Amino acid sequence: MELADLLSADSVLAFDRVNDKAELLAVLSRHAAAQTGQSAEGVLEALVARESLGSTGLGNGIAVPHGKLAGLRGVTATFARLGEGVDFESVDDQPVDLVFMLLAPTGAGADHLKALARVARLLRTESLVERLRSTDDPARLYELLTNAVPSQNAA
């Protein structure tokens, strides 16, 4: 599964600042709704439901919020780079500045899990994370993400 299959160039965002996790999820939900034809409320509800089980903040300033939605045609992604990190209740209590949101159709178990694994491996590649943090240009972020090779050390 290639990231270019999930992530479009217009689904890569760069923000200077959002106030908190709730605002970040709302902004991402509105953007994903415009991209997928789903309702922003439905996307946000799916993300919040997953977050209620435990934060998707992985540590090292990275979060991978995700959820499942009925009627979605396939797994889709939105990436955001924040100029200023926000508290995401991450496992290491560090603010999050790189967010890779995944949405999957209800019942897309294997595809959803493959996408999550692919993103998690990719974002464990320190050199890529450094490059993502060094630019706020959405086109460059997209290029970095879609041309990256996951770390071979990552499980």
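Predicted model: local features only at pLDDT ≥ 70, side-chain atom pairs only at ≥ 80, totals over all residues.

Still on rings, I checked for charges sitting over them. The charged end of lysine 21 is placed over the ring of phenylalanine 88, 4.6 Å from the ring centre.

Next up, salt bridges. How many salt bridges does the whole structure hold? I get 6.

I looked at arginine 118 and glutamate 2, whose side chains meet in a salt bridge at 3.7 Å, N to O. This one ties distant parts of the chain together: arginine 118 belongs to helix 3 (residues 109–122), glutamate 2 to the segment before strand 1, and 116 residues separate them. Is arginine 118 buried or exposed? I have arginine 118 down as buried, because its relative accessibility is 11% and the cut-off for buried is under 20%. Glutamate 2, with a relative accessible area of 45%, is partly exposed.

Then I went to glutamate 84 and arginine 17, another salt bridge, 3.2 Å from N to O. Here too distant parts of the chain are linked: glutamate 84 is in strand 5 (residues 76–86), while arginine 17 is in the loop between strand 1 and helix 1 (21–36), 67 residues apart. For accessibility I wrote 41% for glutamate 84, so it is partly exposed, and 49% for arginine 17, also partly exposed.

The bridge between glutamate 143 and arginine 140 has its closest N and O atoms 3.0 Å apart. Both residues lie in helix 5 (residues 138–147), 3 residues apart, or about one turn of the helix. Glutamate 143 is partly exposed at 40% relative accessibility, and arginine 140 is partly exposed at 33%. I also jotted down a network: Lys21, Glu51 and Glu89 are joined by salt bridges that share partners.

Last entry, serine 11. I found serine 11 in the segment before strand 1 (12–15). Why do I call serine 11 buried? Its relative accessibility is 3%, and buried means under 20%. Which residues is serine 11 in contact with, leaving aside neighbours within four places in sequence? My list for serine 11 reads His31, Gln35, Ala77, Thr78 and Phe79.

Technical notes
Residues numbered from 1 in each chain as written. Heavy atoms only, no water. Lys NZ or Arg CZ within 6 Å of the ring centre and 35° of its normal. Helix = DSSP H or I, 4+ residues; strand = E, 2+ residues; numbered from the N terminus. Buried < 20%, exposed > 50% of the residue type's maximum accessible area, 1.4 Å probe, protein only. Contact = heavy atoms within 4.5 Å. Salt bridge = Lys/Arg side-chain N within 4 Å of Asp/Glu carboxyl O.
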